[in-house]
Amino acid sequence: MQSPLPVRDGVNATRLRLPDEGPWDTALDYMMHRWGHIDPQGIEDRFDAGEIVGEGGIPLDRATRLADHTFIWYYRTLPPETRIPVELDILHQDEHLLVVDKPHFLPTTPGGTYIQESALVRLRNQLDLPDLIPMHRLDRMTAGVLLLSTNPETRGRYQVLFEKRQVQKEYECVSAAEPGPGYPAVDFPVVVRNRMTKSRSYLLAEVIDGEPNAETRIERLETFDGGTPGGAAGTPATGNGPQRLARYRLEPHSGKTHQLRVHMASLGLGIVNDAFYPDLLDKAPDDYTKPLQLLARGIRFVDPISQKPVEYRSRLELSEVARTRP
């Protein structure tokens, strides 16, 4: 359902479904029930100013009956945010697509405590593109190629590519060169298949019994000496000399939440600086010197407009790899 309110400051208006019945006579009564303990005067002021609207953009007032509307829209009051000290790099832009290098720590879309400090809102404001929509998502801690639609009229043609799995993605990560204690040796390249699930109420994705729904091909590209022994989260400590690390190519053939992180951890090769897998670490402030060593390196597909194969590649380098380069 399209919002009757335009994007403002890069952020969509919030849509709220009103209940069909209840102990509330008016829409104001219901909103006071939900949020009156936070900002009652602000809610009343919005109704008085006509800033809360129904379908077709019809303004509501204090007397609007609850039964008069099913959905209403309004702009949230956004708290101030501390700027995340990272920048987006534009790789490609045309009348249909925007392709960027998303840095580590920046979420793809608004959510939780990150609204203005998301790739989508930053780009909408920076490029004056209120209709910008991401075609897929990268985790906040994952960097790399992110594809966004700039044109609502052609957006569906690109969305179909993702729905039909006609987009090939390539990732890189850094982990230990060999599996940790208790894990068997791995003969690369290897394909990991299992069944994964992720509930909204639980932070981590889980592997469960059943028909596989997640598949990743993993190839080891190179090995090199890491920093302090066992100093990188997600990799086993050796206790003697520099840790041997490796750069891996990951090719997911499905798109489950945290799939690559779970599949690497299942081999005893948890990704460097992963605070979730194989072990959930205590929540701590972001350490910008230790980004998750996972990068969306490339994306390729047959463009539905030009009918030509296209490929977009990240210009970023994982910090553990960059440290070894001359």
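How many helices and strands does the secondary structure of the protein come to? Show the cartoon and look: there are 6 helices and 14 strands. Both are DSSP runs, numbered from the N terminus: helices are H or I with at least four residues, strands are E with at least two.

This is a predicted model, where local features need pLDDT of at least 70, side-chain atom pairs count only at pLDDT 80 or more, and totals for chains, interfaces and linings use all residues. Numbering starts from 1 along each chain as its sequence is written, and side-chain values use heavy atoms, with hydrogens and water left out.

**The whole protein**

Zoom out. The C-alpha atoms fill a box of roughly 70 × 45 × 40 Å along the principal axes. Of the 326 residues, 45% count as buried (under 20% relative accessible area, with exposed over 50% and partly exposed in between; 1.4 Å probe, protein chains only). Among contacts with a separation of 6 or more, 63% join residues 24 or more positions apart.

**Strand E3 and Tyr74**

Select residues 71–74. This is strand E3, and Tyr74 is in it. Is Tyr74 buried or exposed? Tyr74 is buried, with a relative accessible area of 8%.

Next, show what surrounds Tyr74. Leaving aside neighbours within four places in sequence, Tyr74 is in contact with Leu5, Ala13, Thr14, Leu16, Met31, Trp35, Arg46, Glu51 and Ile52.

Finish on Arg46. Arg46 and Tyr74 lie 28 residues apart in sequence. In space they are 8.6 Å apart, C-alpha to C-alpha.

Methods: Contact = heavy atoms within 4.5 Å.
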